[in-house]
Amino acid sequence: EKGGYDTFMEKEIFDQPHAVGDTLLGRTDEAGHLVLDELRISEEQLKNVDRITVVACGTAAYAGMVAKYAIEHWTRIPVEVSLAHEFRYSDPIVNERSLVVSISQSGETMDTLMAVKHARELGALTISVCNTHGSTIPRESDAVLYTHAGPEIAVASTKAFLAQITACYVLGLYLSQLRGGTFADDAQAVMKELHEVPAKIEELLGTMGRVQEIARFMADTRSVLFLGRNVGFPIAMEGALKLKELAYIHAEGFAAGELKHGPIALIEPGQPVFVVVPGPDTPHELHKKVVSNIQEIRARGARTIVIAQEGDEDVVPFADEVIRVPRTSPLLQPLLTVVPLQMFALHLSTAKGLDVDQPRNLAKSVTVE
Ligand code: M6R
C-alpha cells in the first residue's frame, strides 16, 4: 500500500501533483469560469461577506496564512488567520457578515471543530475546507469545499497541505469572480496557471537528490532556521514544523524582515539557514530584499541553503547551496517551494533512523482539546 516507497510520507510527497490536480478538477466550466455550486450558499450571501477569518491548527493554519495573501489580493476582503484554539477562547470580531473558513485534513480536530461551533453561534457563515468525506467538521459547517488529496496516512501533513492551499485559491478566485472586483478578470488566467502546477511539482520531485545529500550531512545538526517573506513566510514556518515533527530538531521559521528585530542574534558560524526566495518578479522588490537578507546572515557565518527559482542568478554569490524550483507567479510559489523542505525533513528523519510516519508523541488527528 506504500506503492513501492519506504514510507507513507514519501509516497504522499510524490502524490502531490495529483493532490493539486484533483483538487482543481471540476471546479471550472468550459470557458474557465469558476463554478462552486457544491457550496450551496447563495451568491447573495457570499457577496455580503465583508471579512474572512480562517481557523485551523498546525500545517492547516499555515495553508490559511498562505491563502490570506492570495485572497486579500484577489478580493480585497480582509482575511485574518486564527489558530482555532486561540479563536475559540477569545472575543473574535465575527458576525453575520463574516465568513469563517476552517481548514482541516481530518475533519476531526477538536480545536477546529470548537472554533467552527463558536463561529456559528456568533452568526457567521462557515465553510469547511476538508479532506475527509463524512467527517465531523464539514457536518457542522454551512458548506464544504473538499480537498481531493486522497487519504493521508503519515502523521506529518504534506499532500493535504498543497491541496488545502489549492482549495483556498479556488475559493478566493471564486469570490473575486463573484464580486467582480479589479482582479475578477484575472481569475481565469490564475486558474490556467494553477493547472500547470502539477507538472511543475512532478518536475521538481525529480530533482531532489541534492536535498537528500544535504539532509544526510546534517544528521547531527541541533538547530535549523528558516526564513521567508510574504507567502514564503508561512512556508518557512511549515519547513520548521516538519523538521520538529520528523527529526526532533529545534527549528524556527521567521519572516525575513524580522531578522534585525532579534533573530539575527542567533546567527553564528555554521548555523544552517534555509531561505525561501520569492521570484524576481515579485512585487515590492521583495526578491532584492530577501537577497540582501541572505547576504546579511552569510556575512555572519550562516550556512545558507537557498530555495530559488530557475534562472535566478542573484542568489548564487551568497548561497552555500541552491535548490531550484520551476518558475510560477509569486502567489503560486508556495506549492513548489515547500516541496524541498518536506523532502529535507523526511530525509533527515531517515538519516537519524527515526520513525518517519509515526513521530513520537504525535497523533494523526488530535481529537481532544
Ligand atoms: O487534521 P487537521 O488538518 O485538522 O490537523 C491539523 C494539525 O494537527 C496538523 O496539520 C499537524 O500540524 C500535522 N501533524 C502537521 O504535519
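Visitor: What should I know about the model before I start?

Guide: It is a predicted model, so local features need pLDDT of at least 70 and side-chain atom pairs count only at pLDDT 80 or more, while totals for chains, interfaces and linings use all residues. Residues are numbered from 1 along each chain as its sequence is written, and side-chain values use heavy atoms, with hydrogens and water left out.

Visitor: What is the average pLDDT of the chain?

Guide: pLDDT is the predictor's confidence in each residue, from 0 to 100. Here the chain averages 96, and 100% of the residues score at least 70. The model also has ipTM 0.99 and pTM 0.97.

Visitor: In what order do the strands of the open sheet run?

Guide: Some ground rules first. Helices (H or I, at least four residues) and strands (E, at least two) are DSSP runs, numbered from the N terminus. Two strands pair if DSSP finds at least two bridges between them. In this model, an open sheet of 5 strands runs S2-S1-S3-S4-S5, with parallel pairing. At the edges sit S2 (79–83) and S5 (143–146), each pairing on one side only. From one strand to the next, the twist averages 20°.

Visitor: How many bridges join S3 to S4?

Guide: There are 6 bridges between S3 (residues 98–104) and S4 (residues 125–130), and the two strands run parallel.

Visitor: Which strands does helix H4 touch?

Guide: Contact means heavy atoms within 4.5 Å. Axes are lines fitted to C-alpha atoms, for helices over the stretch in contact, and angles run from 0 to 180 degrees between N-to-C directions. Helix H4 (residues 58–75) packs on the sheet and touches S1 (51–56), S2 and S3; its direction makes about 175° with that of S2.

Visitor: What unit do S6, H11 and S7 make?

Guide: A crossover is right-handed if, with the strands pointing away from the viewer, the path from the first strand over the helix to the second runs clockwise. S6, helix H11 (residues 232–247) and S7 make a right-handed β-α-β unit. Its strands, S6 (residues 223–228) and S7 (residues 250–255), pair in the parallel sense over 6 bridges, and Phe226 stands opposite Gly253 in S7.

Visitor: Is Leu227 buried or exposed?

Guide: Buried means under 20% relative accessible area, exposed over 50%, partly exposed in between (1.4 Å probe, protein chains only). Leu227, in strand S6, is buried, because its relative accessible area is 1%. Leaving aside neighbours within four places in sequence, its contacts include Ala236, Phe254, Val275 and Ile297. The C-alpha atoms of Leu227 and Val277 are 8.6 Å apart, though 50 residues separate them along the chain.

Visitor: Which side chain makes a polar contact with that of Gln342?

Guide: A polar contact is a pair of N or O atoms within 3.5 Å; within protein, one must be able to donate a hydrogen and the other to accept it, and residues adjacent in sequence count only if both atoms are side-chain atoms. The side chain of Gln342 has such a contact with that of Gln16, at 2.8 Å. Gln342 belongs to helix H13 (residues 334–351) and counts as buried because its relative accessible area is 0%.

Visitor: Where does Arg40 lie, and what is its phi?

Guide: Most residues other than glycine have a negative phi. Arg40 has a positive one, near 50°, and lies in the loop between helix H2 (16–24) and helix H3 (43–47). Tyr248, in the loop between H11 and S7, also has a positive phi, near 55°. Arg40 is exposed at 77% relative accessible area, whereas Tyr248 is partly exposed at 26%.
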